[in-house]
Amino acid sequence: MTDTQKVNLLGLSPDKLIEFFESIGEKKFRATQVMKWIHQKGAESFEEMTDVSKKLRAKLENICEIRAPEIVSQNISTDGTRKWIIRTEGGQNNCVEAVLIPDGDRATLCVSSQVGCSLDCSFCSTGKQGFNRNLTAAEIIGQVWIAIKSFGPMDPSGPRRVTNVVMMGMGEPLMNFEPVVDAMTLMMHDNAYGLSKRRVTLSTSGVVPRIYDLVKRTDVSLAISLHAPNNELRNELVPINKKYPIEELLEACQFYLDNLPDKRHITIEYTVMAGVNDQEEHARELSKLLENLECKINLIPFNPFPHSGYEKPSNNQTRRFQKILADDGYTVTVRTTRGDDIDAACGQLVGDFLDKTRRSQKYIELREVSE
């Protein structure tokens, strides 16, 4: 068996890890041992696994590996935000980005699920770069592994270095369903990262059929990238809305909540753009739209990027928008821009990759014509 054929244990979900060990004639408890070594102690080699027999360690060395994606760079913002550029399989320019945002005793890691994005939301710099491929489960969970190890040796008995994970980085998570579910399962498993289901959040632009599938497989928290209070505007900002309009999306959200084992809410993400979706009538329309959904609203002032065509709203306008919703009884937060000095703010993740969709080239050509 060559190195390229070795099984990368980093990305195997708990069930798949058990299946693997049984397939090589080993007891399933070995899966628990190895999982703890990889995800709780940060083992990079089988030689480190001192409670595993030498014979099994040699066997694993022969047929397996523990391989995280390659770190190209790590940047630390003046506000403590960390951003990693990570090279994935498939070539020199297949890079994604992950961002860790500290906030008091919390540290939220924003994780990517695709190299680029298969959707084309008009206000997102990642979407303008096009799409290359889906990440593997190892490349997704590897971002968590890298972030925790960046603080030094892993210590399962020490303080949590990553307290929350949000699938809000590059890509649409529900368009890469199985690897994302496997990675989130590891994030929440007691023998891996042990995060609460309330502290692992999947953000989707609205791949409606997959929301119904998701609740059958996991009970992570759900966030919806809504960004508009009506179909006409959302069709422009979030093109997948043409396939799955708001009414279908909110129905799927309600189904998700109804089938969770506990009482939860949906987080509604709303990027506020000056003169586009930030008017008082938009706020009132949004309030009416969401009146029957258990939710909280996260307003995200637009983070400008070159040639986007959109502008950041004034603080006063954002606060007026927030007040209308709050007066109607909603819990509304305004996301503080973090890491913008290292291009790590929401909507700014770009990466560096071969664009199979040629979307980035078409976007550049369109810009040149308009200018």
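I began with Thr163 and set aside its neighbours within four places in sequence; the residues then in contact with Thr163 are Asp105, Arg106, Ala107, Leu195 and Arg199. I note here that the model is a predicted one.

Next I looked up where Thr163 sits. I found Thr163 in the loop that runs between helix H5 (137-149) and strand S9 (164-167).

I then went through the polar contacts of Thr163. Its side chain reaches the backbone nitrogen of Ala107 at 2.9 Å. Ala107 is also one of the residues I had listed in contact with Thr163. A second polar contact, of 2.6 Å, links the side chain of Thr163 with that of Asn164.

**Arg210**

I moved on to Arg210, which I located in helix H7 (residues 208-217). I wrote Arg210 down as partly exposed because its relative accessible area is 30%, and that class lies between the 20% and 50% limits.

Which residues does Arg210 contact once neighbours within four places in sequence are left aside? I noted Leu174 and Phe177. The side chain of Arg210 has a polar contact with the side chain of Asp213, at 3.1 Å.

**Helices H10 and H11**

I took the pair formed by helix H10 (residues 280-289) and helix H11 (residues 315-327), whose axes come within 9 Å and cross at roughly 30 degrees. I therefore logged H10 as roughly parallel to H11, since angles under 35 degrees count as such. I recorded the crossing of H10 and H11 as right-handed.

Which residues make the contact? From H10 I listed Glu280, His282, Ala283, Arg284, Leu286 and Ser287, and from H11 Arg320, Phe321, Ile324 and Leu325. Sorted by class, this contact of H10 with H11 has 5 nonpolar, 2 polar and 3 charged residues.

**Whole chain**

Last, I looked up the chain totals. The secondary structure amounts to 12 helices and 14 strands. Among contacts in the chain with a separation of 6 or more, 67% are between residues 24 or more positions apart.

Conventions:
Residues numbered from 1 in each chain as written. Predicted model: local features only at pLDDT ≥ 70, side-chain atom pairs only at ≥ 80, totals over all residues. Heavy atoms only, no water. Helix = DSSP H or I, 4+ residues; strand = E, 2+ residues; numbered from the N terminus. Buried < 20%, exposed > 50% of the residue type's maximum accessible area, 1.4 Å probe, protein only. Contact = heavy atoms within 4.5 Å. Polar contact = N/O pair within 3.5 Å; in protein donor to acceptor, adjacent residues only side chain to side chain. Axes fitted to C-alpha atoms, helices over the stretch in contact; angles between N-to-C directions. Parallel < 35°, antiparallel > 145°, perpendicular 65-115°, else oblique. Left-handed = near helix turned anticlockwise from the far one by under 90°. Nonpolar A, V, L, I, M, F, W, Y, C, P; charged D, E, K, R; others polar.
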